[in-house]
Amino acid sequence: MTSTRTAVTASADSHEWIRVQGARENNLQDITVEIPKRRLTVFTGVSGSGKSSLVFNTIAAESRRLINESYSTFIQGFMPTMDRPEVDLLEGLTTAIIVDQERMGGDPRSTVGTATDANAMLRIVFSRLGEPHIGSSQAFSFNVASISGAGAVTVDKGGRTVKERRSFTITGGMCSRCDGRGSVTDFDLTALYDDSKSLEEGALSIPGYSMDGWYGRIYGGSGFVDPTKAIRDYTVKELDALLYKEPTKIKVDGINLTYEGLIPKIRKSFLAKDTEALQPHIRAFVERAVTFTACPDCGGTRLNEGARSSRIDGINIADACAMQISDLAAWVRGLDAPSVAPLLNKLQQTLDSFVEIGLGYLSLDRSSGTLSGGEAQRTKMIRHLGSPLTDVTYVFDEPTAGLHPHDIQRMNDLLLLLRDKGNTVLVVEHEPETIVIADHVIDLGPGAGTAGGRICFEGTVDGLRASDTLTGRHLEDRSSLKQSVRTATGALEIRGANANNLRDVDVDVPLGVLVVVTGVAGSGKSSLLHGSMPTTAGVVSIGQEGIRGSRRSNPGTYTGLLDPIRKAFAKANGVKPALFSPNSEGACPQCKGAGVVYTDLAMMAGVSVTCELCEGKRFDASVLDYTLGGRDISEVLAMPVTEAEAFFCTGDARTPAAHTILKRLVDVGLGYLKLGQPLTTLSGGERQRLKLATHMSEKGVVYVLDEPTSGLHMADVEQLLALLDRLVDDGRSVIVIEHHQAVMAHADWIIDLGPGAGHDGGRVVFEGTPSDIVSDGSTLTGKHLGRWIRQ
């Protein structure tokens with residue numbers, strides 16, 4: 001018996017590794033690797049080297065797929081389907097919990113409180129302890145409207161059918177004026193249409209509302225408006241129908257359609273999401289046409305008078321949600337109510353986790369769509385910190401993104417805490433401060449794209465330092481302070497800035513130089529630059545919003561590069577440009593330009609097979625007969641950016657407009673990307689640099705960049721600094737929100753906000769050169785920069 005038990009134990013102990021064999025997802029080059037369990041493993045390598053492909057798209061994806069398959073086929077039918085990753089063998093997997101930097105949805109009803117269940121617990125507390133008592137927890141919810149109704153119902157009683165009168169009442173907390181959104185909208189009608197034109201003449205200036213398609217058919221055949229008459233000549237009834245008519249079923253040419261006024265249609269299609277989540281051209285329209293003001297009935301709290309009337313110790317639920325979370329935690333700690341003690345303890349733990357993770361400066365009523373990628377990731381960590389689960393695999397995507405050097409140590413402590421509870425922690429990271437705490441390091445590379453996807457190093461941090469890999473060589477990188485700084489050519493004056501936590505800040509931002517705005521997370525940096533910048537400053541703002549696009553979108557379509565390329569092909573061959581688009585007339589008839597034929601298998605993962613007709617090239621065979629410079633369009637889309645730049649620079653294929661865009665892509669370090677590579681396969685760092693390359697074509701004279709080093713390897717930061725220098729030397733002003741010490745040391749001027757976060761921040765604590773802030777040494781930034789630089 002003893003020997004059998006020993007054999008079983010020895011067999012169980014052999015499963016101490018996650019084994020990956022033959023991984024080929026995205027750019028991975030058939031790699032094999034072993035990852036120790038219950039250890040902190042950091043994955044390093046240049047942006048695009050394959051870190052996310054290995055960690056997220058292979059290990060975590062297969063774990064989630066296998067867990068989903070454990071449910072019944074009925075349940076699986078309601079769950080997202082997942083393809084099996086391109087890998088020969090995966091062993092030793094445990095349940096994977098992914099904590100990534102994806103924004104937390106664009107619904108304006110989603111707040112920090114609703115996303116973390118803190119609001120749900122707070123509502124129950126007020127429903128039990130609030131005076132006067134107004135109802136259940138839903139009476140304090142801004143997502144539940146108060147409704148009542150009555151009527152006759154037919155029921156069977158004793159074999160007889162009788163009618164009875166029934167009534168019901170639901171007491172909700174939603175403000176009826178703003179529908180629980182906290183703001184009301186006012187439309188600038190001149191931004192919706194040109195009243196001197198008729199609809200047929202293109203009066204509408206709303207994105208997507210073309211008269212050539214369904215909208216033309218709906219308006220032309222509705223009978224509610226005259227599409228041939230100038231809008232200024234409409235009767236009151238016609239104008240009301242154009243703007244406000246509720247959805248009405250109509251029939252045009254035998255087809256059932258729905259007519260709806262412009263205002264309700266815009267509310268549903270454009271305003272149902274957070275403004276920041278909209279596509280750029282739609283967001284620009286909304287910002288131009290719609291004015292958002294705080295609801296006069298609820299004061300922006302989203303709650304009706306009943307919900308705001310119930311109080312605990314003089315505080316209503318709107319006051320509690322508006323508090324800084326660190327203050328709310330102290331208030332909850334002071335409540336003495338044995339009847340709800342377990343609930344108060346759970347709420348206290350959740351609020352304390354916010355403070356522990358460095359988000360104590362937020363408030364529960366903060367819209368989740370306004371959180372940065374780093375803040376969203378840390379918010380997702382809240383529910384896992386106190387979890388009793390062990391032997392779980394936690395997967396993090398650059399958890400230090402958006403963190404000041406002062407905050408990184410706190411994040412490191414949290415990662416080690418999760419490991420010490422018996423979990424496997426996998427971290428994709430570039431920050432040396434986090435790499436050095438790893439138990440195990442896996443370095444991918446040596447390059448990016450097709451030049452990467454291989455294991456360059458496995459082992460300890462000391463072994464990485466001694467290795468000759470790119471990461472090993474740059475791990476101890478330090479910079480010298482910039483001794484000679486540029487002279488400002490002017491100043492951008494910001495006066496009385498009080499957005500969010502700013503305290504009537506007055507600051508002159510130098511122009512014509514490289515300015516770095518820094519400070520701990522939550523100190524007010526974004527509020528200063530994005531919320532207080534003069535609108536007449538000619539600012540081009542490049543934030544952290546993700547790039548939206550399907551698998552048909554690629555760097556060529558996103559940057560507008562394919563437009564001049566298609567025109568060049570069309571001119572060289574005497575045909576239409578639309579032939580050279582796989583989404584238009586040039587598409588392969590079998591796969592419709594997708595390159596693959598997809599078969600939906602309901603609750604099981606669908607099957608994608610390379611199209612046999614076009615062999616994955618996406619184009620009709622006749623289109624590939626047309627060439628430019630000896631290459632057909634599919635061969636051009638398969639080119640890396642560097643090759644394409646040389647191709648369109650000289651010779652028969654010379655296309656200056658395309659070459660200019662390609663040069664910008666090379667400048668931001670994306671020369672290895674293929675023109676036709678789907679955007680869905682790009683890493684976070686690649687997407688940010690692609691966006692930067694696109695904005696470089698705009699005519700603004702002031703660039704505001706929000707943490708451009710996010711997702712960049714240490715070796716790539718040098719290239720970014722060279723790009724920023726070129727922008728400044730070309731006469732642009734560059735203002736960067738940044739925590740990376742190499743960028744601070746390279747700045748001409750530093751503006752440091754703080755000294756803390758939330759109501760402990762919001763002030764300018766230092767202005768000057770990098771040498772000055774280190775010499776001063778009174779701020780957290782100055783102290784950390786002084787310890788980091790090369791002495």
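User: Two strands pair if DSSP finds at least two bridges between them, and with that in mind, how many bridges join β21 to strand β24?

Analyst: Four bridges join β21 to β24 (residues 702-706), and the two strands run parallel. Strands here are DSSP runs of E with at least two residues, helices are runs of H or I with at least four, and both are numbered from the N terminus. The model is a predicted one, in which local features need pLDDT of at least 70 and side-chain atom pairs pLDDT 80 or more, while totals for chains, interfaces and linings use all residues. Residues are numbered from 1 along each chain as its sequence is written, and side-chain values use heavy atoms, without hydrogens or water.

User: Who faces S541 across that pairing, and which residues of β21 are covered?

Analyst: S541 stands opposite V704 in β24. In β21, which spans residues 539-542, V540 and I542 make up the covered face, whereas V539 and S541 belong to the uncovered one.

User: Switching to the six-stranded sheet, what's the strand order?

Analyst: The order is β5-β14-β15-β3-β16-β17, in an open sheet with mixed pairing. At its edges are β5 (96-99) and β17 (454-459), each of which pairs on one side only.

User: And how does β3 run against β15, parallel or antiparallel?

Analyst: Strand β3 (residues 40-44) runs parallel to strand β15 (residues 424-428), with four bridges joining them. Within this pairing, F43 is the residue standing opposite V428 of β15.

User: Which residue does R19 form a salt bridge with?

Analyst: R19 is bridged to E34, with 3.0 Å between the closest N and O atoms. A salt bridge here means a side-chain nitrogen of Lys or Arg within 4 Å of a carboxyl oxygen of Asp or Glu, and by this rule the count comes to 33. Because R19 sits in strand β1 and E34 in strand β2, the pair ties together parts that are 15 residues apart in sequence.

User: How accessible are R19 and E34?

Analyst: R19 is partly exposed at 21% relative accessible area, and E34 is partly exposed at 34% (buried is under 20%, exposed over 50%, partly exposed in between, with a 1.4 Å probe and protein chains only).

User: Then D667: buried or exposed, and what is its salt-bridge partner?

Analyst: D667 is buried, with a relative accessible area of 15%, and its partner is K663, the closest N and O atoms lying 3.1 Å apart. K663, in contrast, counts as partly exposed at 36%. Both residues belong to helix α25 (residues 656-667), where they are four residues apart, about one turn of the helix.

User: Last one, how far apart are the closest N and O atoms of D468 and R473?

Analyst: They are 3.4 Å apart, in a salt bridge. D468 counts as exposed at 63% relative accessibility, whereas R473 is partly exposed at 47%.

Conventions: Pairing = 2+ DSSP bridges.
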